[in-house]
Amino acid sequence: MAEISFRKVYLKKRFPLAISRGVIEGAENLFLSITENGQTGWGEVAPGITEGAETTDEAEAMLRGVLDRGFDAQAIHDTWDRAHEEGVAPCALAGLDMALWDLKAKQAGMPLYRLLGLARRGVPTSLTVGINPPEVVRERVPLLLEKGAKALKIKLGSPEGIEADKAMYAAVIESVGDADVVLRVDANGGWSLEDARHMMGWLAERRAEYIEQPLVRGAEDQLSDLFKDRPLPIFVDESCRMSGDIPGFADRVDGVNLKLMKCGGITEALRIVATARAFGLKTMIGCMGESAVSIAAGASIGALFDYIDLDSHLNLDPDPADGAPLVEGVTLPADRPGHGGDLPDA
């Protein structure tokens with residue numbers, strides 16, 4: 001019989017992250033371990049109101065409700081389907097799912113990426129530049145470059161409007177200089193259709209590689225107008241939670257960004273990738289405010305993605321977990337059995 005334990009840990013950010021919807025200085029995450037036959041699998045839950053559970057207490061109660069009725073640790077897809085049908089929040093389900101995959105890979109004596117038939121590789125991860133005044137950007141960007149960043153994701157969609165966005169982006173360009181760094185933009189749904197159209201043209205002339213979530217979730221019908229004659233590829237993030245969402249907008253975007261906390265873990269992430277590819281879309285994996293436990297789980301399937309944004313653990317002070325090193329700009333899972341992430345002092 002599997003043993004379950006839970007632990008709550010406050011994750012403080014080194015630098016507060018400002019996006020179009022507000023500022024995040026840190027949050028309490030829920031870690032769970034599942035032990036069976038001497039092996040322990042680790043999972044992590046980053047709660048959020050849009051992810052179905054606003055607090056760690058709410059997420060833990062949902063998981064206990066499912067686990068107390070019994071489950072088969074080896075039947076991961078069945079466990080996922082049952083928990084999803086019972087209304088477990090995606091972020092809570094993600095923690096359970098990655099713990100089960102971690103356990104299964106450890107019992108097999110294999111890294112998870114190898115168990116899934118993948119290579120231990122990925123493209124360089126984007127390191128995030130939150131919404132800040134230009135003078136703060138000039139301080140932060142050099143620190144990211146020192147970490148070995150080969151790509152930056154610039155958060156725009158400032159509540160102060162597109163002129164503030166332009167000033168901040170110009171500060172990024174200035175700070176990067178001649179460095180060989182790719183620039184990407186995420187508006188987090190902070191623009192109107194008119195502003196999005198204008199900003200995409202402006203950014204296309206200034207090294208931007210793509211634009212993510214230009215319009216707020218719920219405005220997918222407006223993406224058709226933005227998609228025509230677009231100067232940059234369009235990815236959706238908040239608009240895409242599950243694989244079943246993709247057919248509804250596949251004809252008006254270039255790619256989708258999935259997050260384990262949004263979709264419920266690795267099991268559904270694999271379905272999203274398969275669905276996106278069936279519609280000819282590019283794929284990206286991102287993160288919420290997660291430690292190396294969840295980041296390692298995401299990195300374990302990193303070989304499947306065209307773009308990767310697995311960097312939240314790099315902005316923690318400190319990261320209580322380990323297992324997701326940044327190697328020459330690429331976030332990789334530790335090369336050991338399981339997904340690679342552990343909470344050492346648990």
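Reader: Which residues does Thr56 touch, not counting residues up to four places away in sequence?

Author: In this predicted model, Thr56 touches Lys8, Glu28, Asn29, Leu30 and Pro47. Thr56 belongs to helix α1, residues 56–67.

Reader: Is Thr56 buried or exposed?

Author: Thr56 has a relative accessible area of 3%. Because buried means under 20%, Thr56 counts as buried.

Reader: How should I read the sheet, and what is the order of its strands?

Author: In general, strands of a sheet pair through backbone hydrogen bonds, either parallel or antiparallel. Here three strands form an open sheet in the order β1-β2-β3, with antiparallel pairing. The edges are held by β1 (3–19) and β3 (39–45), each of which has a single partner strand, so one side of each lacks a neighbour in the sheet. Neighbouring strands are turned by 20° against each other on average, direction ignored. Seven bridges join β2 (residues 22–36) to β3 in the antiparallel sense; Glu36, for instance, has Gln39 in β3 as its bridge partner. Helix α1 packs on this sheet, touching β1, β2 and β3, and its direction makes about 150° with that of β1.

Reader: How is the packing of α6 and α7 described?

Author: Two packed helices are described by the angle between their axes and the distance between the axes. The axes of α6 (residues 162–176) and α7 (residues 193–204) come within 11 Å and cross at roughly 20°. The two helices are therefore roughly parallel to each other, and their crossing is right-handed.

Reader: Which residues of α6 and α7 meet?

Author: Ile162, Asp165, Lys166 and Tyr169 in α6 meet Asp195, His198, Met199, Trp202 and Leu203 in α7. By class, this contact has five nonpolar, one polar and three charged residues.

Key
Residues numbered from 1 in each chain as written. Predicted model: local features only at pLDDT ≥ 70, side-chain atom pairs only at ≥ 80, totals over all residues. Heavy atoms only, no water. Helix = DSSP H or I, 4+ residues; strand = E, 2+ residues; numbered from the N terminus. Buried < 20%, exposed > 50% of the residue type's maximum accessible area, 1.4 Å probe, protein only. Contact = heavy atoms within 4.5 Å. Pairing = 2+ DSSP bridges. Axes fitted to C-alpha atoms, helices over the stretch in contact; angles between N-to-C directions. Parallel < 35°, antiparallel > 145°, perpendicular 65-115°, else oblique. Left-handed = near helix turned anticlockwise from the far one by under 90°. Nonpolar A, V, L, I, M, F, W, Y, C, P; charged D, E, K, R; others polar.
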